[in-house]
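Let me put the model up, and then I'll talk you through a few spots.

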Amino acid sequence: MRALEKEITWTESVIKEDQISKFMKSGRDFINDEEIWQKIRTNTSPEKQEIREILQKSLSIETLTPDEAAKLLNVKDEELWKEIFEVAAQVKTKVYDNRIVTFAPLYCSNYCVNNCLYCGFRRDNTLEKRRRLSLEEVKNEARVLAGEIGHKRLIAVYGEHPLSDARYIADTIEAIYSVKVPTRGGVGQIRRVNINAAPMSVEDLEMLREIGIGTYQVFQETYHHETYARIHPPGTLKSHYQWRLYSMHRALEAGVDDVAIGALFGLYDWRFEVLALLYHAIELESMFDGVGPHTISFPRLQPALGAPYTQETKYLVSDEDFKKLVTVLRLAIPYSGMIITARERAEIRRELMPICTQTDASTRIGIGAYRESTNRQESERQQFLLGDTRSLDEVIRELAEMGYITSFCTAGYRCGRTGDRIMKLLRTGREGKFCKLNAILTFREWLDDFASEETKKIGEELIQREMNEIKEKTPVDFSERVYQELQVYYKRIQNGERDLYF
């Protein structure tokens, strides 16, 4: 069978209509475009007191209603926006403390059967250099990430194609986990592999759960039905709006209880997308015993070779509106982690760090780029162009100077703190206590194994402040036993042990 025929046969076998229809109500999905616009148009000119009551609800780590979020979106008073941002930062600290989790993307394949107008990987883009990494090449990428840069957590990224199907994804996850690299003080290893991949069936997701998949991330791109249909050409897999929309339902049904959603801002009106993301979170909470998205991403459309739509759309989001949309998402879904990536320029990331929880660094998004290239961007093998190419050492040093401790923690997942268990801990602020302890331990590891002398000095001063804070909060927030155990773990890590956690 020729390659094209194989591709067509595979494409026709992917979508399982019965795994969509059972979640729909009267044949309709949970995104009602008219209702969302009605919320935006009727909740205008909110009173200050009304906004402050909404902020207090968010501080209680309660999910906001669409009407409440629409009122935040409609605030015009710039002084009030400053107050809103300050409360958003308080919410982040209450749930996740002052830690920032770091990760790196690992692009494994850029073959794709889809033809999305905004994407450099689209099938008809003849300027893109196509490639799928072999398993040995995947290991080589992981060796650089774990052994030279020091990452512990990856998000593996795949185009939608029979060459990068669920079996290939499973094999690459196992290949990444198998890599161990000697470092200055211990061993470098990837401890958590999240994936950003196409929508899959329950059966494929069950297989990935068995392999040890971390978070499963699928972005809807745009939730607006008409726009979605226009930029995802008919006849392609991705043109099926509901197959994508119900990806997380199938994941949770398959037992993958750590899911992540997002929208690509710039495809449609940003206010609509914010409310739609909130509707998505509410839908998951209502269907799966209160379990919502563990993280939310808000990538902004960036230039991509062979995808002129990225410059033609009228919905490109300004920096000011971008800050507002991230702020409202932080408040509307207060328990979720917020991911800001190297798509954004350094100054934007810096401004939004008080309300975000995860970020990447030393990022390279070309296929095979960690092993083969320098920091130079190569548009012919990237999905888009990055806004920030700083090294992990530089980013961590800046975060430490700002008072944020970088965390390489992957303990929660391995201790079973996922699904409904993590939701209870997040809503009560208890997870933040684990975050602080594990951030200190993993930060110590990274400083010893990878940091420059300048970063190590600043990092150790930060660790000392964190230790002092924990001591001051013992026994109110931390038991005496936990405090003593932290001291023991810390010394063992200094002596060369690795991967100790709470």
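This is a predicted model: local features need pLDDT of at least 70, side-chain atom pairs count only at pLDDT 80 or more; totals for chains, interfaces and linings use all residues.

Residues are numbered from 1 along each chain as its sequence is written, and side-chain values use heavy atoms, with hydrogens and water left out.

Helix numbers come from DSSP runs counted from the N terminus, with helices being H or I of at least four residues and strands being E of at least two.

Take α21, residues 431–449, and α23, residues 480–494: their axes come within 10 Å and cross at roughly 10 degrees. That makes the two roughly parallel; the cut-offs are under 35 degrees for roughly parallel, over 145 for roughly antiparallel, 65 to 115 for roughly perpendicular, and oblique for the rest. The axes are lines fitted to C-alpha atoms, for helices over the stretch in contact, and the angles run from 0 to 180 degrees between N-to-C directions.

Who touches whom? On the α21 side you have L437, I440, L441, R444, E445 and D448, and they meet V482, L486, Y489, Y490, I493 and Q494 in α23. Contact here means heavy atoms within 4.5 Å. The residues of that contact divide into eight nonpolar, one polar and three charged. For the record, Ala, Val, Leu, Ile, Met, Phe, Trp, Tyr, Cys and Pro count as nonpolar, Asp, Glu, Lys and Arg as charged, and the others, Gly among them, as polar.

Now the other pair. The axes of α7 (135–149) and α8 (166–178) come within 9 Å, crossing at roughly 45 degrees, and the two helices are therefore oblique to each other. L135, V138, K139 and A142 in α7 meet Y168, D171, T172, A175, I176 and S178 in α8. That contact splits into six nonpolar, two polar and two charged residues.

On to salt bridges, meaning a side-chain nitrogen of Lys or Arg within 4 Å of a carboxyl oxygen of Asp or Glu. The structure holds 49 of them. D448 counts as buried at 16% relative accessibility, and K456 as partly exposed at 22%. Buried is under 20% relative accessible area, exposed is over 50%, and partly exposed is in between, using a 1.4 Å probe and protein chains only.

My pick is D499 with R191, at 3.5 Å, N to O. This pair links distant parts of the chain, 308 residues apart: D499 sits in the segment after α23, and R191 in the loop between β4 (187–188) and β5 (192–196). R191 is buried at 11%, whereas D499 is partly exposed at 26%. There's also a network of salt bridges linking R349, R350, D360, D388, R390 and E398.

A cis peptide bond joins T474 and P475, with omega about 15 degrees, and P475 lies in the loop between α22 (453–472) and α23. Then there's E221, a residue other than glycine with a positive phi, near 70 degrees. E221 is in the loop between β6 (216–217) and α10 (225–231), and is buried at 9%. S362 has a positive phi too, near 55 degrees, and counts as buried at 11%.
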